[in-house]
Structure formats: structure tokens, C-alpha cells
Amino acid sequence: AMTYRALRDLGIDDAELKAKLQTVLDEALVRLVREQNPDGGWGWFGFMESNPYITAYAALGLVEVRDAGFAVDQSMIERALNFVRSDIQRPTIDTPSWRLNRYAFYVYVFARNGYAVQSDLDLLLDYRLEMDYWARAFLLMAYHQFNPEDPAIPQLVSDLQTLSLIH
């Protein structure tokens with residue numbers, strides 16, 4: 001979907017490539033529809049137990065496809081995000097960094113679909129120093145998607161710039 005959108009946005013008109021991308025995206029959508037579990041999630045492989053992390057990636061893919069101009073059943077995305085939300089617990093000082101990283105990715109996916117909540121963003125901001133760099137970047141993108149003027153954005157940018165200089 002991102003390639004399709006990039007070609008469109010750059011004004012590149014390659015009918016053969018566009019047709020191939022259209023076919024691949026159509027096939028992927030059919031497969032996602034077929035393999036979405038009743039709880040709204042997807043597993044690592046078709047028809048396996050739903051996994052919130054995999055489901056978040058699938059939901060993000062659906063959002064990207066929708067935003068590229070393809071017809072996507074919004075209820076598929078909503079069911080997926082509801083499943084993902086069921087994996088979120090309020091972070092505490094004892095929350096492991098891998099889980100905070102995952103929450104940052106989830107919040108980004110919610111933001112891409114317009115479902116971000118300010119309190120979720122702000123709570124994760126308090127724990128950002130426990131996150132890996134990639135997760136902090138997802139948190140930054142979530143804030144930007146939610147509100148490009150949010151005062152947390154310069155702070156997150158500064159954190160990432162400082163980290164890039166140190167490492």
C-alpha cells in the first residue's frame with residue numbers, strides 16, 4: 001500500500017506496476033478478511049490463536065491500504081483494534097520495557113486510525129526512558145498524528161536526537 005501511495009503521490013504512471021500492486025493488494029485483503037478470527041485478531045499464521053502484536057501490524061496494514069484509496073471494511077479495523085486494546089494494561093514501574101515498547105507501537109496504530117487517546121499518550125510519555133529507541137519513535141509519531149502541536153513532541157525529538165549523539 002505504501003508503494004502504491006508513493007507512486008501516486010510522486011506522479012509516477014507505470015500502468016504495469018500499478019496493476020501488479022493492485023493485484024497483490026487485492027489478494028492480501030481477501031486473505032486478511034478470510035483469516036481474521038472471530039475475536040477480531042490474527043495469529044502468526046492463518047487461523048492460529050490471535051496475537052495482539054500481529055493484529056496491530058495487520059490493522060496498520062489495513063489503515064495504510066485504506067489511506068492509499070482502497071476500499072477496506074472499517075469494521076475489520078475496529079474489531080482488530082478492540083482486540084489489541086484488550087492487551088493493554090496501565091503501565092507501572094514494574095512494566096517490562098518490551099511491553100512498554102509494544103504499547104508505544106499500539107498507540108501509534110490507534111493514532112493512525114484516529115483512535116488515540118491523550119491520556120494513553122501522556123502515560124506512555126512518563127515511561128519513555130524505559131523504552132527502546134524505536135518505540136520512542138513510534139510514540140513520537142503517535143503524538144504527531146494525534147496533535148502535531150502537542151508540547152511533548154519537541155521533548156521526544158530532543159530525546160531521540162540526544163540518543164543518536166550518544167550512541
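Aromatic pairs, then: the structure holds seven of them. Bear in mind that this is a predicted model. A pair of aromatic rings is described by the distance of the centres and the angle of the planes. For Tyr108 and Phe138, the centres are 5.2 Å apart and the planes meet at 45 degrees, so this pair is tilted.

Where do Tyr108 and Phe138 lie? Tyr108 is in helix α5, residues 97–112, and Phe138 is in helix α7, residues 133–146. The pair therefore ties together parts that are 30 residues apart in sequence. Are these two residues buried or exposed? Tyr108 has a relative accessibility of 11% and counts as buried. Phe138, at 17%, counts as buried as well.

Tyr108 and Phe138 also belong to one aromatic cluster, whose other members are Tyr53, Tyr57, Phe105 and Trp134.

Next, helix α8. This helix covers residues 152–166, which is 15 residues. From first C-alpha to last it reaches 21 Å, close to the 21 Å expected at 1.5 Å a residue. Which residues of α8 are buried? They are Ala152, Ile153, Leu156, Asp159 and Leu163. Looking down the axis of α8, the buried residues fall within an arc of 125 degrees, so they line one face of the helix. What do they pack against? The buried residues of α8 pack against α6, residues 118–126, and against α7. Helix α7 is the one that holds Phe138. On the other side of α8, Pro154 and Leu165 are exposed.

Arg66 is partly exposed, with a relative accessible area of 24%. The side chains of Arg66 and Asp67 are joined by a polar contact of 3.1 Å. Setting aside neighbours within four places in sequence, Arg66 is in contact with Val72, Gln74, Ile77, Arg112 and Asn113. Of these, Arg112 falls in helix α5, residues 97–112. As for Lys18, 48 residues away from Arg66 along the chain, the two C-alpha atoms are separated by 16 Å.

Definitions and conventions: Residues numbered from 1 in each chain as written. Predicted model: local features only at pLDDT ≥ 70, side-chain atom pairs only at ≥ 80, totals over all residues. Heavy atoms only, no water. Buried < 20%, exposed > 50% of the residue type's maximum accessible area, 1.4 Å probe, protein only. Contact = heavy atoms within 4.5 Å. Polar contact = N/O pair within 3.5 Å; in protein donor to acceptor, adjacent residues only side chain to side chain. Phe/Tyr/Trp six-rings, centres within 6.5 Å; stacked < 30°, edge-to-face > 60°. Helix = DSSP H or I, 4+ residues; strand = E, 2+ residues; numbered from the N terminus. Expected span 1.5 Å × (residues − 1). Arc of directions from axis to C-beta.
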